[in-house]
Amino acid sequence: EQTFKIAVIPGDGIGKEVIKEGLRVLDHLAEESEGKFAFEYDHFPWGCEYYLEHGKMMDEDGVEKMRNYDAIYFGAVGFPGVPDHVSLWGLRLAICQGLDQWANIRPVEFLPGVPHRINHPDPESLNWILVRENSEGEYSGIGGRNFQGRGPGGEVAVQSALFTEKGTERIIRFAFDLARTRKRKKVTSVTKSNAQQYGMVLWDEVFARVAKDYPDVETDQWLVDAMAAHFVLHPEDLEVVVASNLFADILSDLGSALAGSLGIAASANLSPDKSAPSMFESVHGSAPDIAGKGIANPIGTIGSAALMLDHLGLKEEAERVNQAIADTTGQGILTRDIGGTADTVEITDAIIKNLSKVNVEA
Ligand code: NAD
Ligand code: MN
């Protein structure tokens with residue numbers, strides 16, 4: 001028997017609602033494995049409520065505490081009353097950067113039965129995955145406010161983006177290695193190097209250099225504004241898309257909306273050196289507009305559990321979860337954001353039922 005220790009951070013808003021459902025799926029798998037593997041969870045109540053009570057988003061030694069786990073399962077943070085930059089930097093970014101989770105992968109799944117918004121005859125054949133640089137770039141936190149000297153109303157703020165050759169090279173190599181495992185073996189790099197002549201020109205140069213080591217991988221390069229349009233107009237052209245921290249964040253929301261909803265997008269913050277645990281979370285935020293109503297779509301979070309299973313070496317279970325999600329949407333069991341009427345618990349019940357069915361057939 002193998003026991004995986006999982007740190008669970010539900011966070012705020014719908015984060016709490018969808019994590020609960022993800023844990024039900026994991027529990028179901030563990031139960032039916034009949035002792036082959038088990039999950040041991042520790043729950044951490046960190047987030048905006050915690051902040052309002054304690055003046056901080058997480059414990060002082062929170063990042064260090066995470067090192068005791070095999071993986072971190074994360075809901076979402078952010079809630080009205082706490083500035084978004086406080087909740088983001090105080091928890092999610094603190095963990096990603098503290099544990100060197102420098103690669104964020106975000107597959108875009110075109111699921112059967114989910115109304116997509118894309119110009120393609122067979123969207124389910126698309127195989128997009130976004131690779132987001134997750135340690136520096138526009139999220140380096142370098143900058144400041146209150147620069148003096150311009151008189152009243154003349155405050156100046158500076159927000160810098162940091163691109164190191166090392167950080168850039170490792171994420172680009174990661175994207176190429178990932179492309180080698182996929183159908184088309186194609187990497188598309190996205191920058192804005194016409195306007196940002198330092199960091200993004202360095203990125204382009206590193207991309208060209210690394211590409212030489214992967215003659216079997218097709219490459220393509222775009223400016224981010226044109227790529228936003230390209231996502232919509234030529235979806236067949238994309239497979240692995242690698243971009244900086246900010247650009248990949250924006251493009252992943254676009255990708256998931258094209259696939260149907262932000263609620264179905266999964267992601268993994270990987271510490272590829274395996275020196276620290278990785279963190280698995282949906283792409284969406286805490287969605288205060290629907291929080292507490294029980295209608296949030298849990299697919300992004302359940303899909304993130306599948307990425308976690310895969311990372312833990314439970315490849316077959318990961319595939320089964322993805323299959324059960326596709327079976328469920330294919331049966332027309334959909335939450336409101338993807339055109340149905342099911343609530344958070346109902347769609348998870350159906351996914352679990354489909355999981356059991358897959359097992360019986362196997
Ligand atoms: P959001 O992703 O929370 O919501 C955007 C829209 O998508 C909303 O209309 C919401 O109802 C809908 N939506 C999102 N997830 C859904 C789901 N699972 N099912 C159904 N509908 C869903 O983004 P936002 O409104 O810009 O941000 C809200 C808060 O979340 C802010 O505080 C923000 O900082 C935070 N945020 C956190 C993370 C994170 O924790 N990783 C990511 C993004 C935003
Ligand atoms: Mn985002």
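This is a predicted model: local features need pLDDT of at least 70, side-chain atom pairs count only at pLDDT 80 or more; totals for chains, interfaces and linings use all residues.

Trainee: How many residues does α8 have, and what is its reach from the first C-alpha to the last?

Mentor: Helix α8 covers residues 245–259, which makes 15 residues. Its reach is 21 Å, close to the 21 Å expected at 1.5 Å a residue. Just after α8 comes Gly260, with a positive phi of about 140°.

Trainee: How should I read a positive phi at other residues?

Mentor: Most residues other than glycine have a negative phi, and most peptide bonds are trans. Two residues here may be set against that background. Glu34 is not a glycine, yet its phi is positive, about 50°. Ala287 is not a glycine either, and its phi is about 40°.

Trainee: Where do Glu34 and Ala287 lie?

Mentor: Glu34 belongs to the loop between α1 (14–32) and β2 (37–43). Ala287 is found in the loop between β12 and α9 (299–311).

Trainee: Is each buried or exposed, Glu34 and Ala287?

Mentor: Count the other C-beta atoms within 10 Å: a residue with 20 or more is buried, and one with 12 or fewer is exposed. Glu34 has 8 such atoms and is therefore exposed. Ala287 has 22 and is therefore buried.

Trainee: How should I read a strand such as β11?

Mentor: In a regular strand the side chains alternate between the two faces of the sheet. In β11, Ala266, Ala268 and Leu270 point one way, while Ser267 and Asn269 point the other way, and all are buried. Because five of the five residues of β11 (residues 266–270) are buried, the strand is largely enclosed by the rest of the structure.

Trainee: Which strand pairs with β11 over three bridges, and which is joined to β11 by four?

Mentor: Strand β4 pairs with β11 in the antiparallel sense over three bridges, and Ala103 stands opposite Leu270. Strand β12 (residues 278–282) is joined to β11 by four bridges and also runs antiparallel to it; there, Ala266 stands opposite Ser282.

Trainee: What does the domain assignment of the chain give?

Mentor: The assignment gives domain 1 (1–107 + 264–362) and domain 2 (116–259). Their C-alpha centres lie 24 Å apart. The contact between them takes 16 residues from domain 1 and 16 residues from domain 2. On the side of domain 1 that touches domain 2, α4 and β4 each supply at least two residues, and β4 gives the most, with five residues. By class, that side of domain 1 has 10 nonpolar, four polar and two charged residues.

Trainee: Finally, how many residues surround ligand 1, and which are the closest?

Mentor: Ligand 1 is surrounded by 22 residues, the closest being Gly78, Gly263, His284, Gly285 and Asn297. Helix α4 (residues 84–98) provides the largest share of this shell, four residues. The shell divides into nine nonpolar, eight polar and five charged residues.

Key: Residues are numbered from 1 along each chain as its sequence is written. Chains are lettered from A and ligands numbered from 1 in the order in which they are written. A residue is near a molecule or strand if its C-beta atom, placed from the backbone, lies within 6 Å of it. Ala, Val, Leu, Ile, Met, Phe, Trp, Tyr, Cys and Pro count as nonpolar, Asp, Glu, Lys and Arg as charged, and the others, Gly among them, as polar. The expected span of a helix is 1.5 Å times one less than its number of residues. Domain bounds come from an automatic or database domain assignment. Two residues are in contact if their C-beta atoms, placed from the backbone, lie within 7 Å. Two strands pair if DSSP finds at least two bridges between them.
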